[in-house]
Amino acid sequence: MAAKIISGTEIAAQIREELKKEVSEMKDKSGIIPGLVTILVGKNPASVSYVTAKQKTAHELGFYSIQDDQPEDISETDLLNLIDKYNKDPKIHGILVQLPLPRHIDEKKVLNSIDPDKDVDAFHPVNLGRLMIGGDEVKFLPCTPAGIQELIVRSGFETSGAEVVVVGRSNIVGKPIANMLLQKGKGANATVTVVHTGTKDIASHCKRADILIVAAGVPGLVKPEWIKPGACVIDVGVNRVGEKISEKTGKPVPILKGDVDFDAAKEIAGAITPVPGGVGPMTITMLMKNTVKSAKLHAG
Ligand code: GUN
């Protein structure tokens, strides 16, 4: 039987509706408006389009939102001072510095200068440490892993006691999602294996997975014979494999391919995320969720 297709587009829209309601109630009851600033250095076209999408969503949810564009040649000191200004601004609950930054700026120094309690990307070491401890310590979950967890839970897959295999050990997906799923509690409590470029036989691990999460950045890496029949497959890969002309706009758009051989895998898996339309739409939504949470935490 063909797999159920897990629509990130639909689940993200559902969560955004929930958030919109929550924001409206917060405003009415306590006058609090979640505030988000997105800082963009330079004009990298992909970054411009990501930041525009983030601002558009923030606006739709009723946030107080600022798009702060800075020139490519801004000094590191000026950028750090700008972040400090937003760290101290009580109307701002979330600060996002769009990556990548120009080469003359130390990315780590910049990310570490964001107040961890306004770090809605959850890239700060303090937030990664909180995530590792788990439970009440956690303030913000990194957006892509949080989106993956929501997709699994809202699709009705039981994580408790499940064999989860994560392919890839990046700091923004593989390591955090592995940590999140091994915590105690709802949407977690799994037995987690992380495989990577140093793993001897990746396929043998994948074949045991009840839930297979692939974030390797290699188009079509996971073959159908690596998938356990009925498994839940989450494909985080967004690989540009060419260009095509959009039927809607007549302009060239990238052809995107996931890390899983989707057409073959959907005949074996129980459920699978498509690319695009799977994990991608969840990431911005979870950024919004973190900003709403931050506004609440700041209100005390
Ligand atoms: N660049 C690409 N993805 C991201 C993201 O999730 N956060 C930030 N800050 N920059 C990015």
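**Stop one: the sheet**

Select Leu-36 and you'll find Gly-94 of β4 standing opposite. Strands here are DSSP E runs of at least two residues, helices H or I runs of at least four, both numbered from the N terminus. Residue numbers start from 1 along each chain as its sequence is written. Keep in mind that this is a predicted model: local features need pLDDT of at least 70, side-chain atom pairs count only at pLDDT 80 or more, and totals for chains, interfaces and linings use all residues.

Now show the whole open sheet: three strands in the order β3-β2-β4, with parallel pairing (a pair needs at least two DSSP bridges). The edges are β3 and β4 (94-97), each pairing on one side only.

Next, colour β2 (residues 35-41) and β3 (residues 64-70), parallel strands joined by seven bridges. Between them the chain passes through helix α2 (residues 45-60), a right-handed β-α-β crossover (clockwise from first strand over helix to second, strands pointing away from you). Leu-40 has Asp-69 in β3 as its bridge partner. On the other pairing, β2 and β4 share four bridges.

**Stop two: two helices**

Jump to α6 (residues 143-154) and α10 (residues 280-299): they pack at about 105°, axes 8 Å apart. They are therefore roughly perpendicular (65 to 115 degrees; axes are lines fitted to C-alpha atoms over the stretch in contact, with angles from 0 to 180 degrees between N-to-C directions).

**Last stop: the ligand**

Which residues surround the ligand? Select Tyr-50, Leu-96, Val-97, Gln-98, Leu-99, Asp-121 and Cys-143 (C-beta, placed from the backbone, within 6 Å).

Conventions. Parallel < 35°, antiparallel > 145°, perpendicular 65-115°, else oblique.
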